[in-house]
Amino acid sequence: MRLLLVKRLGIMVLTMVCLSMGVFSLVNLDPNLRKLSISQTNMRASDAQIESWLVRNGYREPFLERYGAWLGVLPKQPGTDPDTGETVPRFRFCDEADTAVRAGVLQGDFGCSTKFKTPVGERLFPALRATGILMFWVMLVMVPSALLIGVLSGMREGSRTDRGLSTLAIGSTATPEYVSGVLFTVIFASWLGWLNGSAATATSKGITFENFALPVMTMAIYGMGYVARITRASMAEVMTSQYIRTARLKGLSFGKVVVRHALRNALIAPFTVIMLQFPWLLTGVVIVEIMFRYQGFGYLLVEAAGNNDIDLLLACSLVSVAVVLLTQLISDIGYVYLNPRMRVR
Amino acid sequence: MTFGTRKDGRPLPKHVLDSAAKLRASDGGSAVTRREFLAMASVFGASTTGAYGLLGLAAPAPALAREGVRGGTLLVSMRILDPKDPRTFDWGEMGNVARQFLEPLVRYTADYTFEPMLLESWEVSDDATEYVLNLRQGVTWNNGDPFTADDVIFNIERWCERDVEGNSMAARFATLIDGATGKLAEGIVERVDDLTVRLSLPTPDITLIANMTDYPALVVHPSFADNPNVAESSIGTGPFELVEWNVGSNASVMRRENGMWWGGEAYLDGIDFIDYGTDPSAEIAAFESEEIHVNYESVSEYIDILDSLGLIQSESVTAATGCVRTNVTNAPYDDPKVRRALQMAVDNATILALGHAGRGEVAENHHVAPLHPEYAELPRRERDIEGAKKLMQEAGAMDTELELISVDDAWLKNTSDAVAAQLREAGFDVKRTVLPGSTYWNDWNKYPYSSTSWAMRPLGVQVLALAYRTGEAWNETGFSDPEFDAKLAEALSTPDVGARTVIMKDIETILQDSGVIIQPYWRSLFCHMAPVVQDYRVHPVYEMHFEKTWLEQA
């Protein structure tokens with residue numbers, strides 16, 4: 001077990017390094033650097049001004065040196081004031097040093113966000129917290145409902161309940177969030193007026209049912225169908241197994257059979273799928289956050305990519321890798337505990 | 001009471017009085033319309049009452065139905081961008097948060113006149129080389145310092161620093177800059193006394209006052225240079241004080257508590273600006289959930305939707321426009337026949353109807369609007385498909401693929417699509433490319449054939465100087481005509497509206513005939529507000545003035 005954990009963590013670190021290097025090479029393509037410089041100087045700046053900003057802020061240094069500086073193995077070079085020739089901090093809005101010092105990821109410094117004009121950590125962690133809250137409520141709503149739907153349809157395969165619930169599940173999975181989100185907003189916010197079409201007050205004033213229900217609903221309903229179908233398939237398979245037949249023949253009531261014997265085995269497969277929903281949520285949350293103006297991780301990712309905010313993008317990719325691999329690890333370990341047939345040496 | 005004087009008692013220039021006499025005598029048939037006269041008279045220092053008085057009229061009083069009520073926080077939906085140095089501001093949104101606590105010397109009002117803000121009055125010599133700026137008395141910064149001529153000189157020096165990256169004020173104050181040093185030239189600025197500054201320009205420049213009204217020209221405190229970030233160095237003279245500025249999220253100001261604003265007291269307790277991103281549909285949900293009271297701008301199809309929510313619409317006729325422009329350094333657009341053919345194949349009224357839902361006025365492809373004081377009317381030109389085809393065939397470019405690039409935004413894209421459709425009707429081979437904002441702006445002034453949005457300026461000559469003079473930074477068409485440059489220089493030193501209009505006729509004709517732009521219409525700007533908002537309206541240059549705004553308390 002311990003060996004497995006160590007191996008997995010090692011793979012996670014290796015994946016982080018590879019992915020961040022890949023992202024770093026992409027964000028340093030010339031058109032992206034030009035885009036960054038334009039957003040920092042002036043919409044209609046001349047080529048000479050764009051280039052001088054890039055040179056002055058160290059963006060034309062060698063690739064590996066800059067990657068090393070971001071990582072924290074090499075020191076970060078400060079800028080130079082063109083008038084006086086003294087060293088000055090590169091970006092004033094986050095406390096960069098004015099001497100060459102190691103201040104990278106390994107030292108806990110994620111860098112400066114050029115889009116939001118603040119250290120990356122100051123935006124990243126509150127945004128992760130906000131998305132975490134959203135994910136928590138989505139999971140809370142989605143998982144029990146999906147399992148319930150799956151179990152109800154799977155326990156009597158082919159019945160009318162099954163057909164009806166399956167259609168609902170397939171319908172909800174086939175509708176992407178940008179369609180269902182708009183539909184729900186129109187129905188519940190515009191026509192009925194029960195809920196708020198915008199979650200902006202969720203970040204400023206606090207989460208209430210009115211301002212949070214629509215984003216949670218949009219995401220939960222989309223994921224629900226998929227998990228429900230997996231649960232149904234798993235449930236249906238378990239219901240046809242021998243021991244269930246034996247229990248029924250021995251005279252146990254249908255309810256007791258389902259709850260006490262079938263469920264425990266049927267829920268093994270859905271557990272893996274539910275753990276896989278976490279990384280999916282991290283990307284799926286982008287559309288919902290933009291649509292409902294909820295400034296979490298997805299919103300941060302879109303803004304960083306759109307403005308070529310290098311440090312923020314790299315930090316977001318590290319977070320993504322961490323979330324994906326951690327949930328996979330939990331999923332694998334959990335699966336082993338749930339299913340005695342798989343035991344790791 | 002005599003009306004023929006400026007606010008300090010000196011008489012107004014003769015050409016202004018002559019225009020007034022002509023207008024009074026005419027009855028609408030004069031060469032100078034009332035609107036042009038008001039703008040010109042106010043540039044030369046007439047007060048609003050005086051200017052109207054010269055026409056034999058009383059100044060219109062604002063229709064205030066009720067007294068303002070103190071209290072409440074206004075919620076505004078607007079993008080929150082970088083709090084940098086005001087002279088490097090490149091988006092109106094940055095100016096709108098900053099202008100709540102910083103002020104300009106002169107303001108361009110929604111009635112197209114110039115209103116003194118930090119100045120009490122100003123005088124311009126008849127040849128537009130001498131400016132005397134009389135500062136307003138009793139103005140204090142919100143850290144207690146008095147506002148004096150030294151502050152104005154400090155700001156003018158900063159505006160004239162040509163080599164600072166992104167300093168767009170340097171182009172506006174070009175006549176004051178020493179070509180060699182790139183800074184304010186010697187001998188131009190004279191501190192007459194604590195409240196008076198004299199500017200002696202080496203060459204005439206009638207646009208100086210108009211340039212002082214633009215959003216990068218907000219006046220900052222002398223300590224600003226230590227930390228040129230307006231969110232951190234927020235000492236200002238305005239009616240509000242900055243509380244916080246979070247890029248991409250929100251910004252808020254509160255009623256000024258340190259010292260009195262010269263104009264009294266604002267009604268609002270504070271203003272919260274909230275960033276709802278670039279998609280206007282987020283504002284619909286926000287208005288419905290009562291999260292905002294007013295927005296920055298309502299665009300295209302959203303205007304009808306917001307109307308249907310029961311919000312109050314505010315409209316402003318402006319000289320903001322879009323130009324579908326060719327770059328003459330790229331073939332086949334270097335051939336004037338090709339450019340003229342493109343112009344002739346397009347009917348501007350149709351483009352207005354399709355590209356902007358008819359919300360605006362038809363324009364004439366020369367970038368000077370009827371609301372500009374010096375607008376000269378040219379003979380109407382009709383769409384002529386046959387003529388266009390003939391010209392293209394003569395140029396041998398009938399089969400050349402013309403790629404029209406535009407940014408992916410609602411009205412510019414629709415306008416470009418409509419232009420492309422009309423060109424295809426004439427048989428030209430047009431390919432449309434739409435780029436997202438993040439890539440488009442990388443090369444915006446290099447594309448051979450693309451469309452650009454242009455904001456308005458108070459005087460017609462200003463955009464011409466920015467966009468069509470040889471070698472200008474924003475000359476995206478590559479247009480270079482020595483005769484045009486010479487006439488423009490002449491216009492820029494002619495303060496008399498009538499005389500300038502005559503020169504403008506030639507300038508407009510040259511630009512129109514060159515065919516470098518299809519400039520189909522002037523955009524009207526809109527915004528919406530909840531019924532509780534009183535005394536606010538949308539501004540032709542997107543400025544948001546809240547010092548008189550109040551919220552109706554239930």
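**View 1. Asp535(B) is partly exposed, with 17 other C-beta atoms within 10 Å.** For the labels (20 or more such neighbours is buried, 12 or fewer exposed, in between partly exposed), C-beta atoms are placed from the backbone. This is a predicted model, in which local features need pLDDT of at least 70 and side-chain atom pairs count only at pLDDT 80 or more, while totals for chains, interfaces and linings use all residues. Residues are numbered from 1 along each chain as its sequence is written, and chains are lettered from A and ligands numbered from 1 in the order in which they are written. You'll find Asp535(B) in the loop between strand S19 (533-534) and strand S20 (550-551) of chain B; helices (H or I, at least four residues) and strands (E, at least two) are DSSP runs, numbered from the N terminus. What is the phi of Asp535(B) near? It is near 60°, a positive value in a residue other than glycine.

**View 2. Tyr112(B) has a positive phi too, near 70°.** Look for Tyr112(B) in the loop that runs between strand S2 (106-108) and strand S3 (114-116) of chain B. Is Tyr112(B) buried or exposed? Tyr112(B) has 21 C-beta neighbours inside 10 Å, so it counts as buried.

**View 3. Ala331(B) and Pro332(B) are joined by a cis peptide bond.** Omega there is about 0°. Pro332(B) sits in the loop between strand S12 (312-326) and H10 of chain B. Most peptide bonds are trans, and most residues other than glycine have a negative phi.

**View 4. Helix H10 (residues 336-344) of chain B packs against helix H12 (residues 385-395) of chain B.** Their axes are 8 Å apart, at an angle of about 160°. That's why H10(B) is roughly antiparallel to H12(B). From H10(B), Lys337(B), Val338(B), Arg340(B), Ala341(B) and Met344(B) meet a group in H12(B) that includes Leu391(B), Met392(B) and Glu394(B). Sorted by class, the contact comes out as seven nonpolar, one polar and three charged residues.

**View 5. Helix H11 (residues 348-355) of chain B and helix H13 (residues 410-425) of chain B also make a pair.** Here the angle is about 140° and the axes are 8 Å apart. On the H11(B) side, Thr350(B), Ile351(B), Leu354(B) and Gly355(B) make the contact. Among their partners in H13(B) are Trp411(B), Ala418(B) and Val419(B).

**View 6. Chain A meets chain B through 29 residues of chain A and 25 of chain B.** In contact means that the two C-beta atoms, placed from the backbone, lie within 7 Å. Helices that each give at least two residues to the chain A side include H3 (47-56), H7 (177-191) and H13 (297-306). Which helix supplies the largest share of that side? H2(A) does, with five residues. In all, that side has nine nonpolar, twelve polar and eight charged residues.

**View 7. Leu300(A) is in contact with residues from elsewhere in its sequence.** Leaving aside its neighbours within four places, the partners of Leu300(A) are Arg123(A), Leu124(A), Ala127(A), Leu312(A) and Cys316(A).

**View 8. Chain B has 17 helices and 20 strands.** Of the 554 residues in chain B, 49% are buried. Among contacts in chain B with a separation of 6 or more, 71% link residues 24 or more positions apart.

Notes. Nonpolar A, V, L, I, M, F, W, Y, C, P; charged D, E, K, R; others polar. Axes fitted to C-alpha atoms, helices over the stretch in contact; angles between N-to-C directions. Parallel < 35°, antiparallel > 145°, perpendicular 65-115°, else oblique.
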